Amino acid sequence: MLPTVRAILDLAVLRDAAPAILGGDGALDTPVRWVHVSEILDLTGLLSGGELVLTTGLELEKEPGVAASYIRSLEQAGAAGLIVELVGQRNRSLAALRTAARTAKLPVIVLEHRVRFVQITETVHRMIVAEQLERVERARDVHEAFTVLSLESAGTQQVVEQAAAMIGAPVVLEDLQHLVLAYSARNLATTELLDDWERRSRTTPSPAQAHGSARRAGPEEWLQLPVGVRRQLWGRLVVPVALDDDEMAAMVLERAAQTLAINRLAERDKRELSQQAQAGLLNALRQPRGLSEAEALARAASLGLKRSPYYVPVVFRTALPAGQVPDSHGGAGLPARLPAAAQGDPLAGQEEERKLLDLLARAIKSTASSALTASIQSGSLGMILALPARQLEDATLQRLTDALAAHAGDAPPVWTIGVGRYRASLLEAAAGIDEAAHVAETAATLHESRRPFYRATDVRLRGLLALLRNDPRAQQFAESELAGLLEAEAQGREGLLELLGKYLESGGNKAALARNGYLSRPTLYARLAKLEELLAVDLDDAESRTSLHVALLLHRLRGQ
């Protein structure tokens, strides 16, 4: 820190001159930026603040009455203090200074013995320059230390610990909800540092400040600095104790915040580059065009896919295509909350996919498995999962889905998983991505109890109809079979299609349908008779029920 007026008065050269403080002793700890020697009484425009003014006071001896205005002018200019050399019989000057100094805010000191001003200036300036050089060296050390942490992509905890070591005090990194992401307690116990942290931190609001400038704020006067890039702030660095040197600590916090922001951006870029590389390879594997199995294995291994006896194609469907909605049954197999992509927001849908890719990366790592994962189309992520043995397929998939759910935390699952047939060839497994995608898409429409993952055997007839639903002939068949009910519902008679669906799902068991629907048998029979009349079929006929069931499934699939 810069030398203070008190520290300068303690120098031997000044102690020998018998200094006497006439006033302003409450400002003796004011830092001195420079020493200025002047005999003129008007220093307006010559001082810039923080100077210690030295004078022999000879001009004051001529005009003692200007002592008060002289001292006021120094205060207005921001001077750190005034030292006057009064040697000999200088009673007039001493009396004027004593009177003026009673109300002075800056220290006013008189020296009884002669002193070499040049010796004072040399000594003080040497102290100031030494302090500045020390700060430059410390700033260089701080810069070099955090530059290395940036180049090494150091972890958050390592950056926080480095900051705490350089400041010599505890440092806490919290998120925008005041939850602690990382900390270094230094000489405090962890329990003391983090006790009731969220409440204490909330009472210490972020100060209104330009980003990148650390300052103290709040009732506990914590030194703090936001972390992030411009408007994308995501955290705050806090020093929750008093410090001797706020300026140095602020510099360390600023470099630490920059390192944290840079490393987070670099980590995100690294993940995105890895995802782009995997997407390129997965696309190449699905459309080989002369790519050999050996080359495919070599390229996949370079991206982390271990060579294994078997590979399983898997597709994670994150949302329904824009504009589609669940069927009239509500679709228990669908997410409880449709992702943004299902609501027609492509940018938000891409964010959902990125989040799922990150979740998958962590889940795969936690299960010690290896896989290639990439977006294959809007709302769908494809994966080729390495399988150590055929018998481990279900166990491996279950571990993956459990880990995925665990990493998702409290957020409800927003994906449906389709699994293709395992293959011994990587290229054949990649070709099975289409089958897995079809299974995932169809499984998203099922209204049965939700399963961790689905295979082709789980979607069966609905899977075939999902492939045919856009065929004009299939559409014509469904409309022809259900024409009577569709016309009636168009005229405002709702619930007919729902009643038909429940009847068909009950296998034609009228008694069971009456119990489940809380209807009396006469009421139910009357309604079913009306269905037969509108459809012009006999609902007791097994073939008619089958035909109607297929038509109803097609109708519902088209509405999704």
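Predicted model: local features only at pLDDT ≥ 70, side-chain atom pairs only at ≥ 80, totals over all residues.
Residues are numbered from 1 along each chain as its sequence is written, and side-chain values use heavy atoms, leaving out hydrogens and water.

Rings of Phe, Tyr and Trp (its six-membered ring) pair if their centres lie within 6.5 Å, with planes under 30 degrees apart counted as stacked, over 60 as edge-to-face and the rest as tilted; by this rule there are 2 aromatic pairs. Tryptophan 197 and tryptophan 222 are stacked, at 4.9 Å centre to centre and 15 degrees between the planes. Because tryptophan 197 lies in helix H9 (residues 197-202) and tryptophan 222 in strand S9 (residues 222-229), the pair ties together parts that are 25 residues apart in sequence; helices (H or I, at least four residues) and strands (E, at least two) are DSSP runs, numbered from the N terminus. The rings of tyrosine 310 and tyrosine 422 have centres 5.5 Å apart and planes at 90 degrees, so this pair is edge-to-face. Tyrosine 310 is in strand S11 (residues 310-317), and tyrosine 422 is in the loop between strand S14 (416-419) and helix H14 (426-431), 112 residues apart.

S11 and S14 also belong to an open sheet of 4 strands, in the order S12-S13-S11-S14 with antiparallel pairing, where two strands pair if DSSP finds at least two bridges between them. S11 and S14 pair over 4 bridges, and phenylalanine 316 has isoleucine 417 in S14 as its bridge partner.
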